[in-house]
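Here's a quick briefing to read alongside the model. Have the sequence and the 3D view open as you go.

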Amino acid sequence: MIKAKGKVDDLVKLTTEEVKNFNLSGHQTVKSAAGIAHTRWATHGPPCARNSHPHVSSADHEFVVVHNGTITNFRALREFLKKEGETFESETDTEVIPKLCKFLYSRLPEPIPFPQLVCEVVKQLEGAYALLIKSSVYPGELVACRRGSPLILGMKYGVQAATPQTPNTPSTPLTPRFQGTCVGGPQYYENGQMPITNNNSQQGLELFLASEASAVVEHTKQVIYLEDNDIVHMHGGQYTVYNWSDVDSASVEVRRTIQTLTMEVSQIMKGGYNHYMEKEIFEQAETVSQTLQGRVKVTPLSPMKYAVPGIDPYLMPRVRLGGLVDHIPTIRRSRRLIFVGCGTSYHAAMCTRQTMEELTDIPVVLEIASDLLDRRCPIFRDDTVFFVSQSGETADTLRALDYAKASGALCIGVTNTVGSAIARQTHCGIHINAGAEIGVASTKAYTSQIAAITMIALVLSEDTISKRVRRDEIIDGLCQLADCVRGALKLNDQIREMSEELKDEQSLLVFGRGRNYATAMEAALKVKEVSYMHSEGINAGEMKHGPLALVDDKLPIVVVATQDTMHNKMQGVIQQLMARSARLIIVCNEEDEEMVDMVGGRYPLIQVPRVDEALQPVVNIIPLQLLSYHLTLLRGYNVDQPRNLAKSVTVTEE
Ligand code: AGP
């Protein structure tokens with residue numbers, strides 16, 4: 001067992017040293033059919049080797065566990081186990097699990113199969129977990145299980161083992177409760193030889209367990225998305241999936257559908273860019289097009305122009321969302337549309353709220369997932385609740401989904417991850433199709449989320465005659481969006497230079513109003529999360545109610561003032577800031593001569609292409625994403641791995 005604090009590279013170095021210490025060489029083989037590893041998100045106890053996984057039952061390592069999630073009743077279990085004589089090395093919630101395995105095992109009147117033991121253990125756990133467990137008392141076996149935290153099983157057939165497949169020890173016989181045939185392939189690396197990947201006729205099976213698809217896609221595209229209470233048993237060259245029920249405590253073997261990942265390995269590579277964040281920012285012209293593909297008639301023409309004689313052109317829908325068609329009448333009858341998300345996904349909902357209200361005339365409520373849960377916000381069966389999440393695995397959003405489902409409301413997912421928990425557990429939904437997003441800072445998912453939610457608003461208003469003209473303007477805007485994004489990306493050099501001027505600042509304010517309040521919030525989130533510069537998004541309508549006190553000639557302020565219905569008001573804001581000698585950077589449209597005259601060369605302008613105001617925030621955020629990217633590099637930080645953050649936040653507070 002090798003543990004290190006810091007980056008995976010540090011672990012690699014340490015492992016190399018350990019290999020030398022044990023006098024091992026690449027030509028020797030280690031007798032082990034299964035290995036487990038983990039990168040830890042610190043929830044209990046600081047990041048250090050002692051708190052890192054795997055955790056063990058004792059110095060003898062009878063049970064070894066890695067865990068993603070949070071065990072909420074760990075204190076009670078810890079106290080109980082201490083009274084039973086156990087001692088704890090770490091400050092983690094996880095350590096109770098191997099100790100509990102050992103405790104229950106030692107009290108068994110006779111041996112039971114490994115998955116049955118694990119089932120007894122997890123029945124004692126409250127909270128969320130995805131667990132991988134190995135044991136010296138069940139050699140050659142591995143058990144994995146989940147509840148509330150994501151876990152997928154990948155399988156790769158046709159892998160040849162170097163020697164015949166003979167298990168180290170026979171797999172423990174199953175009791176009737178667990179009996180069943182294997183769902184997996186015939187062979188497994190029980191002898192610990194390194195597998196040789198080729199097309200040889202031997203149908204060896206290599207199995208992978210991971211919390212998300214991008215971790216396994218380079219090995220296999222055949223995966224099973226495990227469900228809550230699933231227990232996977234790998235033994236004797238095969239695997240079996242069981243599911244245990246809370247109600248009668250019984251476990252039964254289940255068959256889960258093997259799915260083929262649509263993700264490509266190229267999506268998880270940097271493809272010529274230096275960083276994932278950079279790649280994902282520059283991909284956005286393509287990714288917004290992907291979001292629209294097959295859903296919007298990509299002709300930048302109003303319906304009259306492509307009318308078929310004899311057919312009312314307005315009866316030809318220009319937007320179609322297959323995942324929602326059956327539910328449109330229910331959504332239209334809703335009392336409220338509630339949008340739930342966290343971080344960037346919440347901002348995408350915030351940005352599209354006005355379009356949704358404008359086109360549907362249904363009140364739209366925005367909820368930060370954790371806050372909705374904290375307040376136990378009332379939700380009714382005639383509400384429709386949208387869950388916006390790039391990963392589809394964010395724990396707070398998932399808990400909010402459980403909560404909303406219990407109220408009987410229609411629950412709709414807007415996610416980027418096919419097969420994710422939110423995609424599976426909502427009643428219906430749409431995928432934003434932005435492709436795998438690897439950078440911790442969400443960029444392309446944000447712009448695609450805005451495009452996707454805008455399409456939902458368009459579909460919901462399809463039968464409203466009074467909205468036809470407005471709908472067509474927005475659809476034409478969608479058709480122009482990729483080109484406008486491309487135009488905004490050309491500002492990269494200007495933004496890099498601007499970042500040089502700003503890199504040593506302590507703080508950056510971003511002002512926006514209307515839909516661009518979301519732009520301000522999202523830009524500030526990007527800047528703080530990767531460059532560690534304090535940044536705050538401010539609704540310009542609130543300026544006089546406090547933030548104006550901060551204004552002086554030193555604090556840099558980005559003002560988003562593109563030509564939408566807020567333009568006059570934003571001009572007023574700029575005038576007031578200029579009157580106080582503020583240090584401004586203004587985001588405006590390319591042909592906004594009024595702005596050029598007003599500013600008179602005093603301040604730098606970031607001039608972006610103009611598109612329909614419902615979509616202008618998609619274009620406006622691009623230079624601000626670039627700003628956060630360049631600031632981070634210039635300040636010397638790792639743009640793809642900001643400290644203390646994870647890509648998918650699959651843990652929630654206790
Ligand atoms: C944004 O850059 C973030 N890293 C973060 O705010 C993220 O958007 C949030 O955690 C929600 O994630 P999700 O979209 O995967 O649910």
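Predicted model: local features only at pLDDT ≥ 70, side-chain atom pairs only at ≥ 80, totals over all residues.

Residues are numbered from 1 along each chain as its sequence is written, and side-chain values use heavy atoms, with hydrogens and water left out.

**The chain overall**

- The protein chain has 18 helices and 23 strands; these are DSSP runs numbered from the N terminus, with helices being H or I of at least four residues and strands E of at least two.
- Of its 654 residues, 54% count as buried, where buried means under 20% relative accessible area, exposed means over 50% and partly exposed lies in between, using a 1.4 Å probe and protein chains only.
- The protein chain exposes about 27800 Å², and carbon and sulfur atoms supply 50% of that; accessible areas come from the Shrake-Rupley method with a 1.4 Å probe, and for residues only the protein chains shown count as cover.
- Take the contacts between residues at least 6 apart in sequence: 73% of them join residues at least 24 apart, a contact being heavy atoms within 4.5 Å.

- Seven strands make an open sheet in the order 1-2-3-4-10-11-12, with antiparallel pairing; two strands pair if DSSP finds at least two bridges between them.
- Strand 1 (55-56) and strand 12 (251-253) sit at the edges with a single partner strand each, so one side of each has no neighbour in the sheet.
- Strand 1 joins strand 2 through two bridges, running antiparallel, and histidine 55 has valine 65 in strand 2 as its bridge partner.
- Those two strands form a hairpin with six residues between them, and histidine 61 in the turn has a positive phi of about 55°.
- Strand 2 (residues 63-71) is mostly covered, with nine of its nine residues buried.
- Nine bridges link strand 2 and strand 3 in the antiparallel sense; here phenylalanine 63 is partnered by serine 135 in strand 3.
- Strand 3 (residues 127-135) then pairs antiparallel with strand 4 over four bridges, and alanine 130 stands opposite arginine 146 in strand 4.

- Strand 4 (residues 142-147) runs antiparallel to strand 10, joined by four bridges, and alanine 144 stands opposite valine 232.
- Strand 11 (residues 238-244) is antiparallel to strand 10 as well, through six bridges, and valine 241 in strand 11 is the bridge partner of valine 232.
- Strands 10 and 11 form a hairpin with two residues between them, and glycine 236 in the turn has a positive phi of about 50°.

**Helix 8 against helix 13**

- The axes of helix 8 (residues 343-360) and helix 13 (residues 468-489) come within 10 Å and cross at roughly 145°; axes are lines fitted to C-alpha atoms, for helices over the stretch in contact, and angles run from 0 to 180 degrees between N-to-C directions.
- Thr355, Glu358 and Leu359 in helix 8 meet Arg470, Arg471 and Ile474 in helix 13.
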